[in-house]
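Here's a friendly tour for anyone meeting this structure for the first time. Have a look at the sequence and the model, then read on.

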Amino acid sequence: AVQELVDNLLHACHMISLATFLPRLEPGIGVGSSFEGWSPGGEDTVYRVLVRLKPPPGHAFRLQPGTDRELPARHGRVRVKLQCMCKREQLLGDVLCFRHHSSEQVRRHQRPELLQILCTDSYLDVEKTAHWLQLFVRNAWDVIAAQQNCQLAVLPSSRSCQLQLTYDSGRTVHVEMVLGVQQDELGVFVGSQEAETDLSSTTWLESCALHELLFFRCVARQAPEGSCHLTCLQLLTYLLGDLVLSPAHLKTVTMHLLTLLPLSEWCPQRLPERLRDVLHHLRRCLEERQLHHFLVGNERVPRELSLPAAFQAASPLNLFQHLAREPRARALHELTQLQHR
């Protein structure tokens, strides 16, 4: 239902943007725990949707990687370059070439263009683009609201578009639309997601969310009916609460175990054993201060995921490398409590 509503919103946004030289919005892709199938549910659930941006006619996106080259926490900026449209101008006469006419001529005869509205120093600005999407969604909602059985509110956010849907039944659903620019043909994006550190408004973060979604789909096709791997994640995430450890750590450990143990070992009857395995593996990772990212330098990643060569060739990335002694001790104590529960 969330996917369908977001698709309707994005389609309306797309139709509104056709007369402009602003980014085109591709259909959204649901990512994260809610669409991977292991969200514990409840009022705190956030449905995260990746909204891909395509450059409008006469423009191109060029990714300029940042100085931090550590996969997959790399960041970069998206340079917006103008392309020649003289041929279209001569054949159709519906545009002026951005490159070969003065900016004053273009401003007089055409709708505002991308560089003027959504860029800072010719780089696509995350905050300006997020604000633009929020305005677009409000306008699109006016078009489709009559066909929906809920009310929509756009919540304040600097790097994404966060929606609150209130249905006639009284249920409230939260949706986060994260902007993304595709780096290559293999589905690696730079996105507008929030980061643990402050970022400049022109900095985009590399995202592996799509490949993680594809991994869970791959497991679902091969696992026995009623496989308990999603139930493991649901239960442990529900019990975890607000701790030093995060659902992302539980997810990483479970993904590793899904490739270390035969999928036949994840049948419903083995749920207690698999719960113990996940917690035991996580404890060992904490004690050794070593938890490797699943998609980086891991030979066990299924080939169906078609990871970029840089991910396959990279050295394993330790997610616990910078975990300080005090948080690690607290995490071990919290893990012991979790095991007792």
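## A loop residue to begin with

R289 sits in the loop that runs between α10 and α11 (309-313). This is a predicted model, and in it the phi angle of R289 is near 50°, a positive value in a residue that isn't glycine. How accessible is R289? With a relative accessibility of 36%, R289 counts as partly exposed.

## The chain as a whole

Time to step back. The chain holds twelve helices and twelve strands, and 48% of its 341 residues are buried. Take the contacts between residues at least 6 apart in sequence: 62% of them join residues at least 24 apart.

As for confidence, the mean pLDDT of the chain is 86, with 89% of residues reaching 70 or more.

## α9 against α10

Now for some helix packing. Two packed helices are described by the angle between their axes and by the distance between those axes. Helix α9 (residues 247-260) and helix α10 (residues 271-288) have axes that come within 10 Å and cross at roughly 115°. That angle makes α9 roughly perpendicular to α10. The crossing of α9 past α10 is right-handed.

Which residues meet here? On the α9 side they are L250, V253, T254, L257 and L260, and on the α10 side D277, V278, H281 and L282. Sorted by class, this contact of α9 with α10 has six nonpolar residues, two polar ones and one charged one.

## α8 against α10

Helix α8 (residues 229-240) also packs with α10, at an angle of about 60° and with the axes 10 Å apart. So α8 is oblique to α10. The crossing of α8 and α10 is right-handed.

From α8, the contact uses T231, C232, L235 and L236, and from α10 it uses L271, R274, L275, V278 and L279. Those residues of the α8 contact with α10 divide into seven nonpolar, one polar and one charged.

## α10 against α12

What about α10 and helix α12 (residues 325-340)? Their axes come within 10 Å and cross at roughly 165°. That makes α10 roughly antiparallel to α12. The crossing of α10 and α12 is left-handed.

On the α10 side, the contact is made by L279, H280, L282, R283, L286 and E287, and on the α12 side by R328, A331, L332, L335, T336, L338 and Q339. By class, the contact of α10 with α12 counts seven nonpolar, three polar and three charged residues.

## Around C119

C119 is in strand β6 (residues 119-120). Is C119 buried or exposed? Its relative accessible area is 7%, and the cut-off for buried is under 20%, so C119 is buried. Leaving out residues up to four places away in sequence, C119 touches V80, L114, L124, D125 and K128. C119 and S201 are 82 residues apart in sequence, and their C-alpha atoms are 9.7 Å apart in space.

Follow the chain on from β6 and you reach S122, in the loop between β6 and β7 (123-124). The phi angle of S122 is near 70°, a positive value in a residue other than glycine. At 22% relative accessibility, S122 counts as partly exposed.

## An exposed spot at D44

One more stop: D44, in the loop between α2 (33-36) and β3 (46-54). D44 has a relative accessibility of 73%, so it counts as exposed. How far apart are the C-alpha atoms of D44 and V173? They are separated by 8.4 Å, though the two residues are 129 residues apart along the chain.

How values were computed
Residues are numbered from 1 along each chain as its sequence is written. This is a predicted model: local features need pLDDT of at least 70, side-chain atom pairs count only at pLDDT 80 or more; totals for chains, interfaces and linings use all residues. Side-chain values use heavy atoms; hydrogens and water are left out. Axes are lines fitted to C-alpha atoms, for helices over the stretch in contact, and angles run from 0 to 180 degrees between N-to-C directions. Helices (H or I, at least four residues) and strands (E, at least two) are DSSP runs, numbered from the N terminus. Angles under 35 degrees count as roughly parallel, over 145 as roughly antiparallel, 65 to 115 as roughly perpendicular and the rest as oblique. A crossing is left-handed if the near helix is turned anticlockwise from the far one by less than a right angle, and right-handed if clockwise. Contact means heavy atoms within 4.5 Å. Ala, Val, Leu, Ile, Met, Phe, Trp, Tyr, Cys and Pro count as nonpolar, Asp, Glu, Lys and Arg as charged, and the others, Gly among them, as polar. pLDDT is the predictor's confidence in each residue, from 0 to 100. Buried means under 20% relative accessible area, exposed over 50%, partly exposed in between (1.4 Å probe, protein chains only).
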